[in-house]
Structure formats: structure tokens, C-alpha cells
Amino acid sequence: MDLIYGIKDKPRFGKVVLFALQQLLAIMAATIAVPAIIGHGLTASAALFGAGVGTIVYLLFTKSSSPVFLGSSFAFIGSMFSAFAGAATLGLSEQAGYWGLIIGALMAGLVYVIIAIIVKFCGVEWINKLMPPVIIGPTVAIIGLSLSGNAIGDLMKSSVEGGSTYVALICGLFTLAITMLFSTYGKKVGRLIPFILGILAGYLLATLFAIIGNLIDNPALIVINYGAVKALDFSKFSGYISLPKFTFLLGGTEGLKAVSGKYLLTLFSAYVPVAFVVFAEHLADHKNLSAIVGKDLLKEPGLTRTLLGDGVGTIVSTAFGGCPNTTYGESIGCVAITRNASTISIWGCAIICIIFSMISPLVAFLETIPNCVMGGVCVALYGFIAVSGFKMFQSVDLNKNKNLFVASVIFITGVGGMVVSFGAVEIRTVACALILGILTNLMLSNEED
């Protein structure tokens, strides 16, 4: 892929701000969704702050050579629930549960550190043999395809109760159309920030429908939630500057003192197995990103550095925002579509996340972007991830039964949405597909060329 801006390129300051905002809009929905799902006082502002700090840690470890943003990980949702449930089962306070989030992330981060040390001394060639293009390509495609249901669900979803599916669909498709048109036919800056322009256009259309809906008293036309009621209530925006509710502050010293040995075992069983699963996704994401930027990131800056950045970034992020981090497919898709791989943009996004997390009206704006508008953008983002995966294995000989079976197993288990649970531990779709693909490849490795 011909990049407009390479990894080390430095666009002008004004462009960097726009690129950073675009990255923010791409990763924002998923990043703030995790604390909303978990509850227990975790906030969107703290998650944004944690994601920003965690990404800076990652950029430092990778010497600003890997253009990807780290956001809240969905893979650890079950682990986070287990942290609070385990505390309750053992009769510990909710404050202990907050420390459970931090300690669990520390355990997961140490898994990354251990693997990074192994890679340091053993290299990455064994990984390339274990996961050749016939495995990585379909797995990357599955990352995009497995998210397609989320994109379509949001595309047809109103952000308020009683909102019309058809109005949501119109707003979502309008957002997608504007994004595609600017990405394809836009001039200069317009072609580099299609997501910002698409989201703003969709937001304005949703606002127009809301105004009309309120004038004619038709709640079905309102798909954007400005406040607690289905009306143009801008009370969310009348805020002030405040620090997010950091996880370590919510736990306090009393919560830390309450942590017991049994609770640590609960956290170990909930977080460590998932860390190995997310490691597989880490590999797939960096393979995908490598193909997009035309540089093997597993060799430079190196898998050791990317793992250390991801692991330590997760620990730091959780201490502030409660949510373990992971490399974001949305961020990678943004790089692919805009052809802007400059890590300065990622630095900018991380810094803006931290700043925005402390400005209540800005957090409110991000929270009020309708689901359907984000769904329209995600159709393009997730689609580009899937297509990138297809491109990675286009040179693979599928006339060989071995390659045919490996790709088939990955695609069917991935598209079918296989999820396997062992108690509180859940192996999600992408990891299931990758693991079965590896096992299939090893089983058929004796096929003659």
C-alpha cells in the first residue's frame, strides 16, 4: 500500500490535530463501551485517560515505530466481572474489587513480559513457522468479519428508546456515504480525515431529525441522546473541568488491605489464561499492520518491544481507567483507509484522550454520538480489516489440501462465532479460530509439496 505519510513522517501541526481527532473518533466507541458494560462506578472519562496513558507507554517502548492505538479490551470483560464477583463471593468489599482489576491486569501484563523475554532470546522465526500466511491472513480477516455484527447492529440502532430503526439506518448510511466519498474523491485534507467528516455529517443529520421530531412531537425521529430524556436537552454539555475517577483512588488503601490469597488465585485464573489468548490477537494485529505499512513490525521495532509496550501499557491503563488495553483494529483500519501511518498522529490521539477525559462537555459530546453514526463508520473500518486479511494470503496455494483445510477451519469457526468457556475464562472467537488453525496446520504439516 502506498502511504501518504510514513511511520516517521511529521505532518504539519494542524494536520496532526485532525488526524489525532480522527483516530479518537475511530476508537472512542469501543473504548468507552467497556466501562459502561462493567458498571461498578467505572467511567468513560477514566477509560479515555487510561487508554491515552497506556498508548503513550506503548509508543515509548516501541520507539514510536508502531502506529496503533491501545484501547479498552473486550477480551477481558469476563475477567473484570470475575474481579468484582470474586470479591463479593469471598465477602470482600467493592473497593477490593477495584484493586482486583489492577492486580489482574498486572498478572496479564507479566504474561506479556515473560513472552517478550522468550522472544528476545529465541527470536520470532518460530512464530512465523507456527503462524504462516495461511493462518495469519484468514485470522486477520476474521477480526474484521467477527465485528461485522456489531457494526450492523449499531448501524440500525437508535441511541434512545422509541427511536426508529429506519431513521437510524438513514443516518448510519449517510455517515458511511460521506466517509466513502471523501476518502475516494476528497481533495488534500478532506481525503485524509474522512471519518471526522462522516461522523460530523451523520451527527448533524441526526440532530436535524431530532429537531423535527420534537417540533412535531414524534419520538421515532429522535435517534440521538443529548440528555436523560428524548429531547434536545444540552444539560450534559453544561459541565466543568474535573479529574476522572481513577481506579486506584476508587479502591483506596482499605480495599488494598482487604485483598486475600484466595482472591489472588481467583484473579490469576480469570486473567492469565485470557492474556495468552490476547497475545494471539496481538500477533495478528501486528501482522496486519505490518502488511499495511509495508514493514515487518515483529522485527523492527520487534515483537519484544510491542509485547512490553502492550503489557506495561495495560497495567498502567488499568490503574487509571480500570480497563486492560489491547491494540485496536479500528485504529489499524483508520491507518489503512487514510494511508497515514505517522505515529505522531497516535501520539496526538493519546494526548487528546487525556485532555478530553478532564473536560466534561467534550466527554459528553463523544458519548452523544449516535450508535447508528458510529455503525456507519465501523462498516468501513471493519471491512478494511477483513480485506487486509484476504490480501495477506492471496499468494497461498489453496490447491493444496493442507492450506485449504487450515483456511476453511479458521473461516468457519470465526464466522460461526465459536466461543469456548472454561468457568470464568472465555476464549473468544478470534482466538478460537487462530488456535484451531494452528492445530490444523500442525496436524497436516507432513503433506508433501
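These questions and answers concern a cavity and some aromatic pairs in a predicted model.

Visitor: What lines the largest cavity?
Guide: The lining consists of Phe76, Ala108, Gly109, Tyr112, Asp310, Gly311 and Thr314. Helices α4 (94-122) and α13 (298-321) each supply at least two residues of this lining. The space inside is about 40 Å³.

Visitor: How many aromatic pairs does a search of the whole structure find?
Guide: The search finds 11.

Visitor: Why is the pair of Phe76 and Tyr271 called stacked?
Guide: Planes under 30 degrees apart count as stacked. The planes of Phe76 and Tyr271 are at 25°, so the pair is stacked, with ring centres 5.8 Å apart. Phe76 lies in the loop between β1 (70-72) and α3 (77-89), and Tyr271 lies in helix α12 (residues 261-293), 195 residues apart.

Visitor: What makes Phe76 count as buried?
Guide: Buried means under 20% relative accessible area. Phe76 has 2% relative accessibility, so Phe76 counts as buried. Tyr271 is buried too, with a relative accessible area of 0%.

Visitor: How do you know that the pair of Phe246 and Phe320 is edge-to-face?
Guide: The cut-off for edge-to-face is over 60 degrees between the planes. For Phe246 and Phe320 the angle is 80°, and the distance is 5.1 Å centre to centre. The pair is therefore edge-to-face.

Visitor: Why does Phe320 count as partly exposed?
Guide: Partly exposed lies between the 20% limit for buried and the 50% limit for exposed. Phe320 has 23% relative accessibility, so Phe320 counts as partly exposed.

Technical notes: Residues are numbered from 1 along each chain as its sequence is written. This is a predicted model: local features need pLDDT of at least 70, side-chain atom pairs count only at pLDDT 80 or more; totals for chains, interfaces and linings use all residues. Side-chain values use heavy atoms; hydrogens and water are left out. On a 1 Å grid over the protein atoms alone, a cavity is a set of points where a 1.4 Å probe fits but cannot get out, and a pocket is an open set with protein on both sides within 12 Å along at least five of seven lines; lining residues have an atom within 4 Å of a point. Grid points are joined across faces, edges and corners, and a volume is the space filled by probe spheres set on the points. Helices (H or I, at least four residues) and strands (E, at least two) are DSSP runs, numbered from the N terminus. Rings of Phe, Tyr and Trp (its six-membered ring) pair if their centres lie within 6.5 Å; planes under 30 degrees apart count as stacked, over 60 as edge-to-face and the rest as tilted. Buried means under 20% relative accessible area, exposed over 50%, partly exposed in between (1.4 Å probe, protein chains only).
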